[in-house]
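Student: I have a model open and want to learn how to read its features. Can we start with the aromatic rings?

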Amino acid sequence: MLWTVTILVALLGLLATIGLYVVSRPRSTGQSGDNLLHPVAPGLWIFRGYFSNAVVFELRDQVVLVDALSHRHVAAQLARAIDQQIGKPVTHLIATHFHGDHVGGAAEFPQAIFITTETTAHYITTRSHERKTYTEAFGLITPEVLPPIRTPDETFSGEHTLTLGDETLRLLQLGAVETDDACVVHWPARRAIACGDGVSTVGYPFLGAPIADEGLRDDGEWLGFLSRLAALEPEVLLPGHGIPLIGVARIHARLALLRALFTDILDATRDAMRTHDAVEDVLTAALPRLAPYDARADLKQNVTTQRFAIYRAYNSMRPERAGKGWWHDLRAPTLRPPDPACAPQTIDRIPNTEALLRQSRGLKDSNEVAALFEVWLRRHPEDVEARAALAAAMLSKVGASRSIVDDAEYFHAARDAARGVLDRAPDHPVGLAVLGILTVWSAIVLGAPTADGVEMLRRALRAEPLDRPMRQRVAFFIGKAHQFEHNAEESDRWLRRAMPPWSRTLFPLFRPLLRSIP
């Protein structure tokens with residue numbers, strides 16, 4: 001009997017822990033790393049950031065760095081790792097393209113000669129404002145003013161040969177991909193290529209920033225890039241996101257898969273547009289053509305989806321949309337604005353906040369939940385508890401959709417509601433908890449310091465009451481923040497607190513799960 005009870009308790013603890021993890025953690029992208037520098041092959045290293053990678057070419061007496069991550073904070077971790085594990089100076093920094101997650105940490109390497117394409121240098125100056133718009137499209141909390149990106153020292157167009165001692169690196173523009181300024185860095189002696197964002201090595205490819213008119217087009221550019229890359233016969237492919245690919249056959253298989261996928265996306269969208277004008281009708285007609293890709297584990301749709309690929313293709317094929325992104329005015333929103341005409345009668349029957357909360361808990365559809373609270377708050381704008389419940393409800397929906405891009409709307413809704421709470425009650429525990437979780441998560445993705453978010457979460461724990469699920473979620477994100485900062489002891493202490501109390505003795509068993517990278 002004792003063994004039966006023991007096993008039952010252990011099983012309950014396991015289920016509760018896994019449930020907490022699934023609900024609390026940011027959705028896995030299948031592309032994230034661990035903020036550590038990993039050897040790949042002789043002379044080849046990759047720093048697997050939580051969001052983007054940096055590639056390290058180790059030459060005889062120096063290091064050439066390809067891409068500099070998203071922020072000086074995480075770039076400082078990279079610099080320390082290079083110093084400790086390689087012990088050679090970084091003499092050159094090459095950016096594969098202008099996006100902030102690849103050049104944001106460039107200032108952390110002031111001694112390195114910073115080399116980009118001419119177009120990248122131009123975009124660093126003229127499109128810097130897009131960094132904030134881009135990150136906010138994912139719901140992330142960013143500073144009002146982002147620090148400027150370091151100005152490149154040298155630029156090139158087409159091809160540039162970098163001779164360093166007895167080694168030669170080739171910087172090549174092989175065609176427009178996610179951006180039209182992209183380049184790759186080829187080390188012929190090692191048959192290695194740092195490819196930036198031209199090749200996704202895991203998961204569904206990100207085919208262009210939703211805020212801009214760039215990425216996959218019906219012009220053959222990205223397909224040509226993949227063919228020209230394959231012709232170089234690399235044995236090691238080091239991507240801007242995801243895992244390295246090793247072996248000619250494995251690399252060719254991935255490139256062939258992407259060529260087939262891109263061709264089918266463009267063909268399906270073009271054919272659907274012959275008989276349909278509205279984008280939603282095009283989606284309905286085109287998606288069945290792409291169904292064979294749905295079940296592929298190597299094209300897992302976590303960050304973006306085939307639906308977004310069709311938005312991207314459609315956007316590029318409509319002449320009137322030239323220069324426009326598809327995020328705000330083309331795609332159908334996940335979280336629709338509430339219809340004021342639908343809820344007043346329901347609100348009239350709700351006598352107080354407690355009754356409102358009871359009714360909201362019975363709703364499954366996130367749009368119904370949001371509409372109920374929005375209409376109530378129009379009548380009762382100072383109802384802090386209702387606003388706090390809305391913040392918590394929207395946070396709980398993160399991860400409910402198929403894609404992180406869709407989840408961004410819930411991030412925005414939770415953030416705005418939490419800020420509304422704290423504007424009225426600066427020490428409200430739920431407001432602090434929700435905004436603190438979003439702040440920590442944003443900092444981790446952006447590679448920035450997590451201290452501000454952690455302080456909000458600590459304040460939330462000091463300001464009772466928080467219910468047990470929220471306390472555990474807060475503890476989880478404090479633990480992840482310490483993990484991001486490589487403070488293993490504190491991380492484990494907080495991750496243990498995130499477990500249900502009866503299962504904490506089993507923490508060593510679940511530590512790998514809780515410490516897995518979101």
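Tutor: Start with the definition. Rings of Phe, Tyr and Trp (its six-membered ring) pair if their centres lie within 6.5 Å. Planes under 30 degrees apart count as stacked, over 60 as edge-to-face and the rest as tilted. This is a predicted model, and a search of the whole structure finds eight aromatic pairs.

Student: What is the geometry of the pair formed by Y50 and F484?

Tutor: A pair of aromatic rings is described by the distance of the centres and the angle of the planes. Y50 and F484 are 5.4 Å apart centre to centre, with 75° between the planes, an edge-to-face pair.

Student: Where in the chain do Y50 and F484 sit?

Tutor: Y50 is in the loop between β2 (44-48) and β3 (53-58), while F484 is in helix α17 (residues 468-484). The pair links distant parts of the chain, 434 residues apart.

Student: Is Y50 buried or exposed?

Tutor: Buried counts as under 20% relative accessible area. Y50 has 7% relative accessibility, so Y50 is buried. F484 is buried too, at 0%.

Student: Why is the pair of Y311 and W326 called stacked?

Tutor: Look at the planes. They meet at 10°, with the ring centres of Y311 and W326 5.7 Å apart, so the pair is stacked. Y311 belongs to helix α9 (residues 306-317). W326 lies in the loop between α9 and α10 (344-348), 15 residues from Y311. Y311 is buried at 0% relative accessibility, and W326 is buried at 2%. Together with F308, Y311 and W326 form one aromatic cluster.

Student: Which charged residue lies over the face of Y123?

Tutor: R127, at 4.6 Å from the ring centre of Y123.

Student: Now helices. Which residues of α11 are buried?

Tutor: An α-helix has 3.6 residues a turn, so residues three or four places apart point the same way. In helix α11 (residues 353-361), A355, L356 and S360 are buried. Seen down the axis of α11, these buried residues fall within an arc of 135°, so they line one face of the helix. They pack against α12 (366-379) and α13 (384-397). The face of α11 turned away from the buried side carries the exposed residues E354 and R361.

Student: What happens at the start of α11?

Tutor: A side-chain oxygen of N352 comes to within 3.3 Å of the backbone nitrogen of E354.

Student: Where does pLDDT stay under 50?

Tutor: Over residues 1-30, for which the model has 48 contacts beyond four places in sequence. Where pLDDT is low, the predicted coordinates should not be read in detail. The chain averages a pLDDT of 90, and 92% of the residues score at least 70.

Terms used: Residues are numbered from 1 along each chain as its sequence is written. This is a predicted model: local features need pLDDT of at least 70, side-chain atom pairs count only at pLDDT 80 or more; totals for chains, interfaces and linings use all residues. Side-chain values use heavy atoms; hydrogens and water are left out. pLDDT is the predictor's confidence in each residue, from 0 to 100. Contact means heavy atoms within 4.5 Å. Buried means under 20% relative accessible area, exposed over 50%, partly exposed in between (1.4 Å probe, protein chains only). Helices (H or I, at least four residues) and strands (E, at least two) are DSSP runs, numbered from the N terminus. The arc is that of the directions from the helix axis to the C-beta atoms. A polar contact is a pair of N or O atoms within 3.5 Å; within protein, one must be able to donate a hydrogen and the other to accept it, and residues adjacent in sequence count only if both atoms are side-chain atoms. A charge sits over a ring if NZ of Lys or CZ of Arg is within 6 Å of the ring centre and within 35 degrees of the ring normal.
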